[in-house]
Amino acid sequence: QVQLVESGGGSVQPGGSLRLSCAASGRIFRIRAMGWYRQAPGNERELVATITDGGSTNYIESVKGRFTISRDNAKNTVYLQMNSLKPEDSAVYYCHTEVYTSALSRLESWGQGTQVTVSS
């Protein structure tokens, strides 16, 4: 089993910043990919950003230049720095990981979600 604990959500005004964190713990052999998804009311969950264990990153177009994903492999933690936030960024943000619990056993895990609200 792998547990993900998220933190850093909250309420900010447009143009503000927030930093999300997600720490993984449990039976971890290797974390291949870590990422953030979000889901706003009435919408499907969408991928926001991902980062591989090699450091390759991927972002949805709407957050490019504003959000930065990073990870600390020693701490099994992924971060999402969100700048220049817009009201349309408001959503519940979920951490997602692709973890190998052994050399051959792969597991996908989700965090509990953290609310981000951008409003004046």
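Tutor: Buried means under 20% relative accessible area, exposed means over 50%, and partly exposed lies in between (1.4 Å probe, protein chains only). This is a predicted model, where local features need pLDDT of at least 70, side-chain atom pairs count only at pLDDT 80 or more, and totals for chains, interfaces and linings use all residues. Residues are numbered from 1 along each chain as its sequence is written, and side-chain values use heavy atoms, with hydrogens and water left out.

Student: Why is Asn76 called partly exposed?

Tutor: Its relative accessibility is 23%, so Asn76 counts as partly exposed. Asn76 sits in the loop between strand E7 (67-72) and strand E8 (77-82).

Student: What makes the phi of Asn76 worth a look?

Tutor: Phi of Asn76 is near 50°, a positive value in a residue other than glycine. Most residues other than glycine have a negative phi. Ser84 also has a positive phi, near 50°.

Student: Why does Ser109 count as buried?

Tutor: Ser109 has 7% relative accessibility, so it counts as buried. Ser109 belongs to strand E10 (residues 106-110).

Student: How do you know that Glu6 has no salt bridge?

Tutor: A salt bridge needs a side-chain nitrogen of Lys or Arg within 4 Å of a carboxyl oxygen of Asp or Glu. For buried Glu6, the nearest side chain of opposite charge, Arg45, is 7.9 Å away.

Student: What does the side chain of Glu6 reach instead?

Tutor: The Glu6 side chain reaches the backbone nitrogen of Cys95 at 2.7 Å and the backbone nitrogen of Thr114 at 3.2 Å.

Key
Lys, Arg positive; Asp, Glu negative; His and termini not counted. Polar contact = N/O pair within 3.5 Å; in protein donor to acceptor, adjacent residues only side chain to side chain. Helix = DSSP H or I, 4+ residues; strand = E, 2+ residues; numbered from the N terminus.
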